[in-house]
Structures are given as structure tokens and as C-alpha cells.
Amino acid sequence: MHIENNLQDVIIRAIKELYHEDVETSQITLQKTKKEFKGHYTLVTFPLLKISRKKPEETAQEIGSWLTENADIVSGFNVIKGFLNLEITAEAWLRLLEQIDGEPDYGFTPVADDAPLYMIEYSSPNTNKPLHLGHVRNNLLGHSLCEVLAANGKRVVKTNIVNDRGIHICKSMLAWQKWGNGETPESSGKKGDHLIGDYYVLFDKKYKEELGSLQEKGMSKEDAEEQSQLMAEAREMLRKWEAGDEETVNLWKRMNEWVYAGFDETYHRMGVSFDKIYYESETYLAGKEEVLRGLNQGLFYRKEDGSVWADLTPYGLDHKLLLRADGTSVYMTQDIGTAKLRFDDYPIDTMIYVVGNEQNYHFQVLSILLDMLGFEFGKGLVHFSYGMVELPEGKMKSREGTVVDADDLMTEMVETARETSKELGKLDGISTEEADKIAEMVGMGALKYFILKVDPKKNMTFNPKESIDFNGNTGPFIQYTHARIQSVLRKAGEQGITVPEKLENTLTLSGKEEGLVQLLAEFDAVVKQAGAEYNVSLIGNYVYELAKEFNQFYHDFSILREENSSLRDFRLLLSKNIALTIKKGMKLFGIDVPERM
């Protein structure tokens with residue numbers, strides 16, 4: 001289907017006829033011609049000089065001449081040093097557009113029943129606090145990666161591991177028990193996850209007050225931490241929980257239920273979901289079993305205090321704690337158990353963890369430990385490591401209550417979108433219900449796009465105001481471009497003009513129009529590259545480029561007022577497919593595009 005494939009075939013023929021040698025497709029290096037030169041595709045001749053035994057310019061000249069005489073799709077060429085710039089005929093672009101139009105799912109690969117199974121873990125919240133800005137980037141990246149891999153024909157299982165046990169959970173529970181006075185989400189009017197988060201912050205405040213008081217009595221910071229009554233009570237609560245104490249377990253269940261109800265609301269608004277949720281309270285025992293098995297087999301060792309460790313010095317790392325002296329688990333133990341249970345539950349081909357880059361060491365160790373324990377999948381785990389997200393004001397800290405709450409952020413985004421849309425007159429003449437829908441769509445689109453357009457590996461600063469701009473590389477700009485095209489197509493319908501499936505062969509196209517068809521055709525390759533590299537930002541960059549190029553075209557050329565009806569029909573068909581591609585690209589980001597705006 002692709003012009004590049006046809007070009008590669010005819011270039012191979014050219015080399016055979018000119019130089020009497022066979023070459024592989026991999027030896028043909030084709031690139032998109034740079035904008036400052038005339039042409040659509042550029043052949044790099046340097047890899048072919050051993051075959052031609054001639055200078056780069058001479059080789060390029062000979063191949064270019066052969067192609068213009070023998071290849072129907074090549075209309076002209078020019079040579080810049082060793083680069084052969086090839087011009088493609090207008091008819092080839094017309095046929096390509098018709099082909100793309102005939103495939104509504106162009107760029108997407110259907111998922112076969114026997115396709116490789118990818119399990120992708122994302123979100124991974126703690127039940128002692130609500131989701132925050134860091135979770136927003138994690139959830140959006142995880143969801144988008146799932147969409148992109150599914151678009152590449154992979155079977156995908158979306159999974160979440162909820163950190164619902166451990167000392168941090170006990171801190172919230174203890175604070176609520178001591179100072180909560182029976183407060184509930186219903187009595188306080190707060191979402192459950194927010195309510196529990198407040199008690200986590202309260203614990204930290206009281207703990208710091210206690211440490212300050214002990215230090216005033218002459219204790220060192222370390223001694224004060226050792227003597228802290230509050231921390232001792234939290235540890236005792238954890239011990240009781242692990243021992244199955246009924247009162248402690250019932251309190252834990254009750255408070256977690258409040259949190260899950262809050263999480264569900266946040267996930268729903270964010271547009272993310274999961275096929276299977278694992279809970280660390282259920283997986284840590286499986287991890288403990290594996291660690292004790294490793295200990296019995298001599299893979300790990302026990303220290304005098306009873307704690308269990310792994311010696312990773314043969315791997316160039318240090319010694320890693322796997323079970324504390326009191327027998328309680330650490331994160332690593334839990335992750336070993338979770339991995340084992342997942343591979344028991346599903347025939348996973350690739351397991352991907354969407355977790356921030358501060359955990360690079362953790363996943364390096366997890367992979368080694370699973371391999372040591374004899375699990376074949378150990379070495380194949382993929383850590384989708386991404387950079388931190390901050391606000392212009394700087395870093396966030398949960399225990400100090402300075403995090404940017406995900407719910408507050410989403411509400412702020414939607415309100416800002418409403419105000420901005422109102423100021424620009426985009427909500428004029430529509431009902432309140434429709435205005436609310438557009439504000440939600442634009443606000444959430446702005447948030448998702450601004451975060452997902454950044455290379456996942458990079459740290460980023462999220463700027464809410466910048467993200468809502470209707471100009472530039474933003475979600476609202478792309479959404480508005482889609483709405484603009486829909487408006488053109490609606491007006492065409494009102495004038496009785498139908499968008500054709502077949503185009504007239506003899507049309508002469510402008511360079512801008514040929515360039516747009518070429519860009520449209522690249523969607524397929526971009527989706528494949530994003531899936532192969534686990535880099536969803538490539539989709540955002542592509543869709544923005546397509547929207548930007550269309551807007552320049554819209555500014556410079558008439559569509560409905562074009563007097564040549566064949567050319568008008570071509571422009572309508574082109575516009576229709578650009579809108580569809582924008583919609584498909586934005587869907588991979590979990591973003592809806594409006595029909596009108």
C-alpha cells in the first residue's frame with residue numbers, strides 16, 4: 001500500500017539493471033525529503049557505493065534517471081551530494097488517499113486470538129492517600145501504552161497492584177483511631193480517599209511534634225525516633241494486622257473500602273480502567289513463601305537478628321533485605337509474590353511495569369531475584385521507567401500535605417477550559433448541558449495531551465494554564481482542528497455535496513496537498529514505532545503536526561469555495577481522513593474530540 005514499499009521495489013530493480021547485483025530491502029535507506037529541498041522521498045546512496053563503484057553524485061544521478069524513465073510513480077528527481085531526492089506523481093498520492101479512505105482502521109492492527117499477551121501494571125496507589133499529580137502521569141501513560149499496544153495487534157491485560165498494607169497504612173489507621181471521633185466520608189462530606197489522606201498527614205504532624213518534644217528533653221534525633229511511642233504503636237498495629245487480629249483487620253477493611261470508593265470516582269473521570277486488580281495484602285504471603293523457599297535452598301541468608309537477605313554482589317549490586325527481623329515483608333517480597341501469581345493467572349508473554357524512574361534499582365533487583373528463584377520470566381520483565389512530573393512551584397510531598405490532588409487538578413482543568421472557551425466565544429449559542437460537556441472534554445483533553453506529548457523518559461513540569469491554550473502544541477488546538485473539519489463536512493452536506501470515494505486521475509495537486517497525503521500515510525508507521533519503542537509521545541507529536549499542517553492548508557486554500565469540483569472533492573476527502581486520523585490518534589491518548597466547538 002505504501003509508496004515507500006513501491007519505491008523500494010523499483011529501486012531494487014534499478015540497481016539490478018544498472019549494476020547487475022541483487023540488494024536486500026534493508027540496504028535501501030529512504031527518508032522523507034527535508035522541507036528545504038524539492039521532493040517527497042530521499043534515497044541515501046552511500047550504502048550502495050560498493051555496488052555501483054562510482055561516486056555518490058554519479059550513483060544518485062544514474063538511479064534517478066532510471067527511475068524517471070521506468071517507474072510510473074516517480075515524476076522527477078534532483079541530486080544533492082550523495083542524496084537522491086525523488087518526486088512522486090500526483091496520481092500516486094490520489095490512489096494512496098483512496099486506499100487510506102477505504103480502511104477506516106488504517107494504522108491499527110486487528111488483535112488475533114493467538115497474539116502475544118502483554119500485561120501492563122499501572123497506577124499502583126497506596127490506600128493511605130488520594131491519587132496525586134504523579135499518579136496522573138502514571139495512569140495516563142499506562143492507559144495510553146495499553147491502547148497503543150492493542151492498536152499494534154497485541155492482547156493486553158490492564159492490571160493494578162494496590163498497596164493496601166504496611167506501616168504507612170497503619171499510620172492512617174492509628175491516627176483515625178486516636179483522633180477521628182468516628183468521622184466517615186458521609187459525616188464529613190469528603191471522598192473516602194481524601195479523608196484517609198488527611199489522617200496520614202495528621203499522623204506525620206503529631207509524630208514530628210512528639211520528636212520535637214523528645215529532642216527538647218535532650219535526646220538526639222535518632223534516639224527520639226527510637227523512643228517514639230506513636231511509631232511503636234503503628235508498628236504494633238502492623239504486627240497485629242499480619243497476625244490476623246480481628247479488630248485491626250476490621251478497621252483496615254472499613255477504611256480501605258472508603259478509599260476504593262474514592263479511587264473509583266477518580267479513575268472514572270480520568271477514563272482509565274483495569275481488567276484485574278491485585279492487592280498486596282493478598283500477594284505478600286506468596287512472596288514470603290518464595291523468599292523462605294529461597295532461604296531453604298541456600299539462595300538467601302538469615303542474619304543474627306532473624307532478617308532475611310539476598311547477596312547481590314555477584315551482580316555488581318549490594319545486599320538486599322527481603323524479610324525484616326520481625327518477619328514482616330518489604331516491597332520486594334510483595335513484588336516477588338505478585339509476579340508469581342500473575343504468571344500463574346495468565347499466559348503472559350511480556351510483563352510491563354509502568355513505574356517512575358526512582359524505582360529503576362528496585363526493578364533491576366526484582367528481575368535478578370525472580371531469576372535466582374528459577375522463574376523463567378524473571379529476565380524478561382520490562383520496567384517502563386518514566387520521569388517525574390512537577391508543577392512550576394516545585395516538588396510535592398504526601399506526608400506534608402503539599403501534593404497536587406488529582407481530583408482537584410481535574411476540576412481546575414475543566415473550570416479553566418470553561419472560562420477560556422467562554423472568553424473565546426466557543427460556547428456561544430449552545431445549551432448549558434453542551435457547554436458542560438465541551439468544558440469537560442477540553443479540560444481533560446488538555447491535561448492528558450500536555451502530559452502524554454512529553455517523552456516518558458523525561459522529567460516534566462505541568463503547567464495548567466499553558467495546556468489550555470487553543471494555539472500551539474496543546475490538546476485544545478487539536479480538538480478545535482477536528483471540530484473545524486467537521487464543520488466543513490457538515491456545510492458540504494448542507495450544500496448537497498457528498499464526499500467521494502474515487503478521485504479523478506488527472507488532478508494537479510499543490511506541494512502542500514501532496515505533503516498532507518504523505519503525512520496522513522505515516523500514521524501507520526508512527527503507531528508501529530510508538531508500540532515498538534513503548535513511547536506514546538510519538539503519537540502526540542504526529543497528531544499535532546497533522547493538525548498544524550491542516551490548519552496552514554485551510555488558511556491558504558479554499559475547500560468548499562473551490563471552483564474545480566474535482567479538486568474540491570479531493571480536498572473534502574483529504575479533510576475527512578485527516579479528521580478521522582486525529583480522532584484515532586487522540587483515542588490512543590484516551591482523549592475525546594468534539595464534533596463542534
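A residue is called buried when its relative accessible area is under 20%, exposed when that area is over 50%, and partly exposed in between. Lysine 32, with a relative accessible area of 42%, is therefore partly exposed. This briefing concerns a predicted model of a chain of 597 residues, of which 54% count as buried. The chain has 22 helices and 14 strands, and its C-alpha atoms fill a box of roughly 90 × 65 × 45 Å along the principal axes.

**Lysine 32 and its partner**

- Lysine 32 forms a salt bridge with glutamate 522 through their side chains, at 3.0 Å from N to O.
- This pair connects distant parts of the chain, since lysine 32 belongs to strand E1 and glutamate 522 to the loop between H19 and H20, 490 residues apart.
- Lys32 is also one of the residues that lie nearest the centre of the second largest pocket.
- Glu522, for its part, is among the residues lining the largest cavity.

**The second largest pocket**

- The volume of the second largest pocket is about 780 Å³.
- Its lining consists of 31 residues, and those nearest the centre are Lys32, Thr33, His40, Gly515 and Gln518.
- Helix H1 (3-19), strand E1 (29-32), strand E4 (83-88), helix H19 (511-521), helix H20 (523-533) and helix H21 (537-556) each contribute at least two lining residues.
- Of the contributors to this lining, H19 gives the most, with 7 residues.
- Sorted by class, the lining of this pocket comprises 9 nonpolar, 11 polar and 11 charged residues.

**Cavities**

- Empty space left among atoms can be found by rolling over them a probe the size of a water molecule.
- The structure holds 2 cavities of 30 Å³ or more, and the largest cavity has a volume of about 40 Å³.
- His2, Glu4, Tyr41, Gln518, Ala521, Glu522 and Ala525 line the largest cavity.
- That lining divides into 3 nonpolar, 2 polar and 2 charged residues.

**Other salt bridges**

- The structure has 33 salt bridges, counting each side-chain nitrogen of Lys or Arg within 4 Å of a carboxyl oxygen of Asp or Glu.
- Lysine 54 and glutamate 62 are joined by a salt bridge of 2.6 Å, N to O.
- Both residues of that pair fall between the cut-offs for buried and exposed: lysine 54 is partly exposed at 32% relative accessible area, and glutamate 62 is partly exposed at 22%.
- A further salt bridge joins glutamate 236 to arginine 239, with the closest N and O atoms 2.8 Å apart.
- Glutamate 236 and arginine 239 both lie in helix H10 (residues 229-242), 3 residues apart, which is about one turn of the helix.
- Glutamate 236 is partly exposed, with a relative accessible area of 33%, and arginine 239 is partly exposed at 44%.
- Elsewhere, salt bridges with shared partners connect Lys35, Lys512, Glu545, Lys548 and Glu549 into one network.

**A nonpolar patch on the surface**

- Phe37, Phe46, Ile80 and Phe83 make up a nonpolar surface patch, with about 310 Å² of accessible area together.
- Phenylalanine 46 sits in the loop between strand E2 (41-44) and helix H2 (49-52).
- Because its relative accessibility of 40% falls between 20% and 50%, phenylalanine 46 counts as partly exposed.

**Residues with a positive phi**

- Most residues other than glycine have a negative phi.
- Arginine 53 is not a glycine, yet it has a positive phi of about 55°.
- Arginine 53 is located in the loop between H2 and helix H3 (56-70), and at 65% relative accessible area it is exposed.
- Serine 123, also not a glycine, has a positive phi of about 85°.
- Serine 123 occupies the loop between strand E5 (117-121) and helix H5 (133-151).
- With a relative accessible area of 2%, which is under the 20% cut-off, serine 123 is therefore buried.

**Leucine 202**

- Leucine 202 is part of helix H8 (residues 192-216) and is partly exposed, with a relative accessible area of 22%.
- From C-alpha to C-alpha, leucine 202 and glutamate 183 are 14 Å apart in space, and they are 19 residues apart in sequence.

Technical notes:
Residues are numbered from 1 along each chain as its sequence is written. This is a predicted model: local features need pLDDT of at least 70, side-chain atom pairs count only at pLDDT 80 or more; totals for chains, interfaces and linings use all residues. Side-chain values use heavy atoms; hydrogens and water are left out. On a 1 Å grid over the protein atoms alone, a cavity is a set of points where a 1.4 Å probe fits but cannot get out, and a pocket is an open set with protein on both sides within 12 Å along at least five of seven lines; lining residues have an atom within 4 Å of a point. Grid points are joined across faces, edges and corners, and a volume is the space filled by probe spheres set on the points. Helices (H or I, at least four residues) and strands (E, at least two) are DSSP runs, numbered from the N terminus. Ala, Val, Leu, Ile, Met, Phe, Trp, Tyr, Cys and Pro count as nonpolar, Asp, Glu, Lys and Arg as charged, and the others, Gly among them, as polar. Buried means under 20% relative accessible area, exposed over 50%, partly exposed in between (1.4 Å probe, protein chains only). Patches are made of residues with over 30% relative accessible area and no salt bridge: like charges are joined within 9 Å, nonpolar side chains (Val, Leu, Ile, Met, Phe, Trp, Tyr) within 5 Å. Accessible areas come from the Shrake-Rupley method with a 1.4 Å probe; for residues, only the protein chains shown count as cover.
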